Amino acid sequence: MSDAGNEIQVDAPVEVEAKEAPKGQLSLEDALQQVLKNALVHDGLARGLRECAKALDKRQAHLCVLVDTCTEAEYIKLIEALCADHNINLIKVSDAKVLGTWAGLCKIDREGNARKVVGCSCVVVKEYGVESEGLHVVLDYFKNR
């Protein structure tokens, strides 16, 4: 199978930036962190390429979070194509260690600090869990995009 002529148009992925939110409202980054935490508690996260690709292909995903700094171009191309093909919202974050912390791929010490953080390149939310303010902020962001 050749790459010539098989170009898939992908909407411009969203870049998450730490911006100051108005008082009483979550920033997009904080809202995304809250959504991932709730999904993790309710066993609604798929982490890593294999789990994410399976969830995206089965159309079980509601939201996909991908890291910008991934070294494998094929990895990014696959995830973006699956998201575009199945109309799944895609957000890009800047750091794999931060995404790994948000996805629960770390140990928490007694003081509540993350230790032994494992980087993660892709996370898919299959089930949001509880309805939260963070979920509303993320969904409103995609609605107004």
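The legends below describe close-up views of a predicted model.

**View 1. Helix α1 and its length.** Just after α1, Asp 43 adopts a positive phi of about 55°.

**View 2. The two sides of helix α1.** The buried residues of α1 are Leu 28, Ala 31, Leu 32, Val 35, Leu 36, Asn 38 and Ala 39. Seen down the helix axis, the buried residues of α1 fall within an arc of 165°, so they line one face of the helix. On the other side of α1, Lys 37 and Val 41 are exposed. The cover over the buried residues of α1 includes the strands β2 (45-47), β3 (63-67), β4 (89-93) and β7 (122-125), together with the helices α4 (96-102) and α5 (133-143).

**View 3. Lys 54 in helix α2.** Lys 54 belongs to helix α2, which runs over residues 49-57, and with a relative accessible area of 45% this lysine is partly exposed. Although Lys 54 and Val 124 are separated by 70 residues in sequence, their C-alpha atoms lie 10.0 Å apart in space.

**View 4. Lys 92 in strand β4.** Lys 92 is located in strand β4, and its relative accessibility of 10% is under the 20% limit, so Lys 92 counts as buried. The side chain of Lys 92 is joined to that of Glu 80 by a polar contact of 2.8 Å.

Conventions. Residues numbered from 1 in each chain as written. Predicted model: local features only at pLDDT ≥ 70, side-chain atom pairs only at ≥ 80, totals over all residues. Heavy atoms only, no water. Buried < 20%, exposed > 50% of the residue type's maximum accessible area, 1.4 Å probe, protein only. Helix = DSSP H or I, 4+ residues; strand = E, 2+ residues; numbered from the N terminus. Arc of directions from axis to C-beta. Contact = heavy atoms within 4.5 Å. Polar contact = N/O pair within 3.5 Å; in protein donor to acceptor, adjacent residues only side chain to side chain.
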